[in-house]
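Subject: Structure handover, with notes on pockets, cavities and salt bridges

Dear colleague,

I am passing on the structure below, and my notes on it follow. Please read them with the coordinates open beside you.

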Amino acid sequence: MNPAAGQSSFKRLASTFGAQIYNQCVTVGVQLALVPVLLHHWGAEHYGVWLLLSAIPTYLTFADFGFTMAAKNVMTIKVARGERSGALITYQSIFMLLNVIVAVILVILLLGLPIIGISSVFALGSVGEKSAKIVVFLLAGNVLLTQYLLLLASGLRCIGRPTEEVLWGASSRLMEGIVTALAAMLGGDIVAAALAIVANRILFDVATWLRLRALANWLTLGLRHASLEETRAMFQPSLSFMLVSIGQALSIQGPVLILGVVGTPMQVVVYSTARTLARLGTSIVNMINFAFTPEYSRLFGLANLQGFARLARLHLWATIGLSMSYIAALILTGRWIIELWTATRITVDQTFFLVLLLTIAAEMIWSAELMPLASINRHIGAARVFCLLSAIGVGLSYVSGQHNGSLVAITLPFFALHCLMACYAGFQLWHHFPTRRPTNAPELR
């Protein structure tokens, strides 16, 4: 191995890992900071409705069917091979697809929202029906605008700027949190906060586009080089990414929506607050996962299966140790942290919190098991199983919540879901561990 190449690779990985640290700090910091601010200025009921309405557009994050995620890999490989024209075809093909999807969803929202009674499904407290519909529409628009930012990020990654890709996305979320807090602090309601979020997203989309144009003026947005054949070629890997996104949306936001139907706004606040604290562990694991992903692909491309296996074992054991330590720490301090964090406005039942922590630990472990498979595109089966189990988990959680109504009853089905995924992903990693390099594997340069 060329020492200079190894050193260059290390620098790129170190830079990207540093950006991931910033990304996770922003994600966690915004989540932690917004809770006391919005609780203070809006009150528990109003904040609970905001959390509920915010959860609804989350399901649009997979509206592009995973194509922007697949485009990152395809475009990066093509540019590495010197195929700029091919990367441009992929770029504009996904842009074309996004335009169609966004137009269709906007039409559905404009036609559907006026005839749907949100208050007849969810408990909105003092928030009016009209305000709720405006918030849902604006936040849905924000999610759709984010898809364009993801496409622009694909351009940054393919030209060798993965660090900037992470920085732009993280900075946009940081400013989103800031404008949300400012809207509440200045006396604005949830509609004002939603408007501020959309304005922020538009600003960052434009700024990222201008930056990409300055770095690579050959990578232009348009439809001249778009190709339906290109979108068809990426369908299978894209579908797998979409299924993972669907499963995550169901398992993360599903309990919030279920509580909106069978519970109270206060239960939504308690669950969401406890979940935010508990999921800090997943933020750390995700940072590790994303840092390991390029190295898995590189080792597999070099047919260094021993190195691949060592890295997978290190990754898994580190995740298990981290998750167990994290659970132990929060069992001892979690309730105290929540009471201090919310100025004793929120108290959490210990049994519910323990079940929630075990759920998060199981998720952390199977995500580490899945990452080596996802890095070499052998995660399709696991993606399908996860999506199916998530849908079943939502159904069981709803039934359980109707019969019992407690937070423990809502959470237990998701604990079972993640335990099953930990077993399945572990089996898949063992069964499908790469023993030889496939003939159609791209050269990694």
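**Second largest pocket**

Helix α3 provides the largest share of the lining of the second largest pocket, namely 4 residues. Before going further, please note that this is a predicted model, in which local features need pLDDT of at least 70 and side-chain atom pairs count only at pLDDT 80 or more, while totals for chains, interfaces and linings use all residues. Residues are numbered from 1 along each chain as its sequence is written, and side-chain values use heavy atoms, with hydrogens and water left out.

The second largest pocket holds about 330 Å³ of space, and of the 15 residues that line it, Ile56, Leu109, Leu113, Ile116 and Val136 are the closest to its centre. Both α3 (84-112) and α5 supply at least two residues of this lining, where helices are DSSP runs (H or I, at least four residues) numbered from the N terminus. By class, the lining of the second largest pocket has 14 nonpolar residues, 1 polar residue and no charged ones; here Ala, Val, Leu, Ile, Met, Phe, Trp, Tyr, Cys and Pro count as nonpolar, Asp, Glu, Lys and Arg as charged, and the others, Gly among them, as polar.

The terms rest on a 1 Å grid over the protein atoms alone: a cavity is a set of points where a 1.4 Å probe fits but cannot get out, a pocket is an open set with protein on both sides within 12 Å along at least five of seven lines, and lining residues have an atom within 4 Å of a point. Grid points are joined across faces, edges and corners, and a volume is the space filled by probe spheres set on the points.

**Cavities**

The structure holds 2 cavities of 30 Å³ or more. The largest cavity has a volume of about 90 Å³ and is lined by 13 residues, of which Ser251, Tyr271, Arg279, Thr359 and Ile360 lie nearest its centre. Two or more residues of that lining come from each of α9 (235-262), α10, α13 and α15 (407-431), with α13 giving the most, 4 residues. The lining of the largest cavity divides into 6 nonpolar, 4 polar and 3 charged residues.

The second largest cavity, with a volume of about 40 Å³, has a lining that includes Gly48, Val49, Leu52 and Pro265. Helix α1 (3-55) gives the most to this lining, with 3 residues, and the lining of the second largest cavity has 6 nonpolar, 3 polar and no charged residues.

**Charged side chains**

A salt bridge is taken as a side-chain nitrogen of Lys or Arg within 4 Å of a carboxyl oxygen of Asp or Glu, and by this rule the count comes to 6. Arg279 and Glu363 form one of them, at 2.8 Å from N to O. Arg279 lies in the loop between α10 and α11 (280-301) and Glu363 in helix α13 (residues 350-375), so the pair ties together parts that are 84 residues apart in sequence. Both Arg279 and Glu363 are buried, where buried means under 20% relative accessible area, exposed over 50%, and partly exposed in between (1.4 Å probe, protein chains only).

Arg161 and Glu164 also meet in a salt bridge, at 3.0 Å from N to O; Arg161 is partly exposed at 33% relative accessibility, whereas Glu164 is buried at 14%. Arg161, Glu164 and Arg211 are linked in a network of salt bridges. In helix α5 (residues 129-158), Glu129 and Lys133 lie 4 residues apart, about one turn of the helix, and the closest N and O atoms of their salt bridge are 3.6 Å apart.

Which side chain of opposite charge is nearest to Arg275? It is Glu363, 9.3 Å away, and Arg275 is buried yet has no salt bridge; in this scheme Lys and Arg count as positive and Asp and Glu as negative, while His and the chain ends are not counted. Arg275 lies in helix α10 (residues 265-278) and, leaving aside neighbours within four places in sequence, is in contact (heavy atoms within 4.5 Å) with Ile252, Gln253, Val256 and Leu356.

**Ser397**

Ser397, in helix α14 (residues 380-403), counts as buried at 0% relative accessibility. Not counting residues up to four places away in sequence, Ser397 touches Ile258, Ile410, Pro413 and Phe414.

With best regards
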